[in-house]
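Student: I would like to go through a structure step by step. Can we do it as questions and answers?

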There are 2 protein chains.
Amino acid sequence: MSEAAPTDTLRRFNRTYTQRIGALDESFLGTGRPLGVSRLLFEVGPDGSGVRALRERLDLDSGYLTRLLRRLTDEGLVDLHPDPADGRRRVVVLTAAGRTAWRELDDRSEALARTLVEPLAPRQRERLVAALHTADLLVRAATVHLREVPPTEPVARRAAAHYFAELDRRFPDGFDPGEPDHAGTFVVATSDGVPVAYGGVRPIDRETGEIKRMWVHDEWRGAGLGSRMLRHLEDLARRLGHTRVVLDTNGTLLEAIAMYERAGYAHIERYNDNPYAQAWFAKALS
Amino acid sequence: MSEAAPTDTLRRFNRTYTQRIGALDESFLGTGRPLGVSRLLFEVGPDGSGVRALRERLDLDSGYLTRLLRRLTDEGLVDLHPDPADGRRRVVVLTAAGRTAWRELDDRSEALARTLVEPLAPRQRERLVAALHTADLLVRAATVHLREVPPTEPVARRAAAHYFAELDRRFPDGFDPGEPDHAGTFVVATSDGVPVAYGGVRPIDRETGEIKRMWVHDEWRGAGLGSRMLRHLEDLARRLGHTRVVLDTNGTLLEAIAMYERAGYAHIERYNDNPYAQAWFAKALS
DNA sequence: GACATTCTCTGACTTTAGTCAGACAACTGC
DNA sequence: GCAGTTGTCTGACTAAAGTCAGAGAATGTC
């Protein structure tokens, strides 16, 4: 059944979903405001937001967005301020009335979600929540965006910081990254602009590339992101002309070791003097 | 975590969904036709459809639907014929060009679904399919429609036929329903108009009501529909003034027996001469 | 400091989506 | 056979959603 065609299940679910829960969005209606305006108001959120960011998140034409915002300002729901950091940009903030209206939207959405969950018995409810949690994780994982980044770019720095922090947490004696070393080509996976996986390839010699700083965000474990990143880095190494990749790792990172083994990596002798490394791997690239 | 608030997971998923899978619907865009028209064309489907049915499925204003259909006929994609069974109704059928256009929509949707599933490794893909399958079942179950029906109404007859057919399949010596007996108040649960669960209450005396013909559609087992129907029937019995419900069942229906026990039913002595019954239950209604 | 680019905003549009009232034919129940 | 209902269609609307070109200020780049 699951063999048949995953797309069938997805499309069937899509149908069910748009018919029954799609109403979650339309619940924004009935507030006296059109859907688009409500959606915008909700997206601004209690903490405010930049106009630029809104345009990207909602994928709106700039002129159209201006007009939608005007409706909200006319209703006294939001205020527009220039961005102190960049005079061209503007920042939207909810007024007191806007916060009330926002809360109302939030309540409606919550109420609608409840009507969907309520008819189910506790056991079914748990199953539904678990299923949606898994689906959420995997759909997000599937739509993650992998791209090469200079390791000096902010996203890359943030990803690397996560990586180092995790090593520091997991190694019995902590971890000291030492001087930042930016040699190599790096790849970051982002979801909604947030880095969720990271890794790079550094050339050791003509044949050999070393895979560095493989990291997957805690909340994204178990979605296959690690293997996907690993495959991506292997492809990258191939493109860089390498015929073999190596990597080192610490003995405490058991899942990582298991993943390398699953991916066809073989244990080899120590090839570097990394004081934190306790296992070394290699794989031939075909 | 799942303890916290099921609605959080649902709402989070809803967000992920509208952003990433919601695009499945918009895959109908870019065909040179507006979304509404494409959606209608797709809904007509290769086998055609009644105008009435389309109106209900898509929840459209009748005047609006007529105009949308006119666009499709003008483009030569569908033909309208009067329904031979009812001169007021009309039936929509795809023309050859319409079938081509329909297939194009289907391909687009399929392609988009594939891009969503493809980045995942086989193991993750299976997990996603399983999760969506579960979610689909439970969302449908949660939005099932329970209502009282005269046992002579077509939906009720269909549900009862399913019930008798199942008994005939499961009892070692088959089952003969005998003369149709329509005494009692019956409840049918429907999803998209299809009966998925059925049951009724027949008064035995002032205090006691008997629960009859409890049935849940094969594909809907495990969604908690049985218990929900049972609770519904108990409420109904209470409303009818009963203080106690009884029921009989065959020993082969193990899940049913387990469910009755879970719901607080106690074994009692034989109270009727039903030749197929092998176990008798009772429960006091508070 | 010149030139290109980015960001917001305005004006002038079009299309899409949807509503409401009523006409008219076909059917249903009694 | 007649009253009431149902199903489709027309006409006359309105609001929502979205597009496109360009103006003008602020910023980045060399």
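**Domains, DNA and aromatic rings**

Tutor: The domain assignment of chain A gives domain 1 (6-119) and domain 2 (145-284); such bounds come from an automatic or database domain assignment. This is a predicted model, where local features need pLDDT of at least 70, side-chain atom pairs count only at pLDDT 80 or more, and totals for chains, interfaces and linings use all residues. Residues are numbered from 1 along each chain as its sequence is written, chains are lettered from A and ligands numbered from 1 in the order in which they are written, and side-chain values use heavy atoms, without hydrogens and water.

Student: What distance separates the centres of domain 1 and domain 2 of chain A?

Tutor: Take the centres over C-alpha atoms. For these two domains of chain A, the separation is 38 Å.

Student: Which element gives the most residues to the surface near DNA strand D?

Tutor: A residue is near a strand if one of its heavy atoms lies within 4 Å of it. Elements of chain A and chain B supply at least two residues each, among them strand E3 (86-94) of chain B and helix H5 (62-74) of chain B. Helices (H or I, at least four residues) and strands (E, at least two) are DSSP runs, numbered from the N terminus. With 5 residues, the most comes from H5(B).

Student: Which base atom of DNA strand D is 2.8 Å from the side chain of B:Arg67?

Tutor: A polar contact is a pair of N or O atoms within 3.5 Å. B:Arg67 is among the residues that come nearest to DNA strand D. An N or O atom of the B:Arg67 side chain is 2.8 Å from a base oxygen.

Student: Why is the pair of A:Phe13 and B:Phe13 edge-to-face?

Tutor: Rings of Phe, Tyr and Trp (its six-membered ring) pair if their centres lie within 6.5 Å; planes under 30 degrees apart count as stacked, over 60 as edge-to-face and the rest as tilted. The centres of A:Phe13 and B:Phe13 are 5.9 Å apart. The pair is edge-to-face because the planes are at 65°.

Student: Is A:Phe13 buried or exposed?

Tutor: Buried means under 20% relative accessible area, exposed over 50%, partly exposed in between (1.4 Å probe, protein chains only). A:Phe13 has 0%, so this residue is buried.

Terms used. A polar contact is a pair of N or O atoms within 3.5 Å; within protein, one must be able to donate a hydrogen and the other to accept it, and residues adjacent in sequence count only if both atoms are side-chain atoms.
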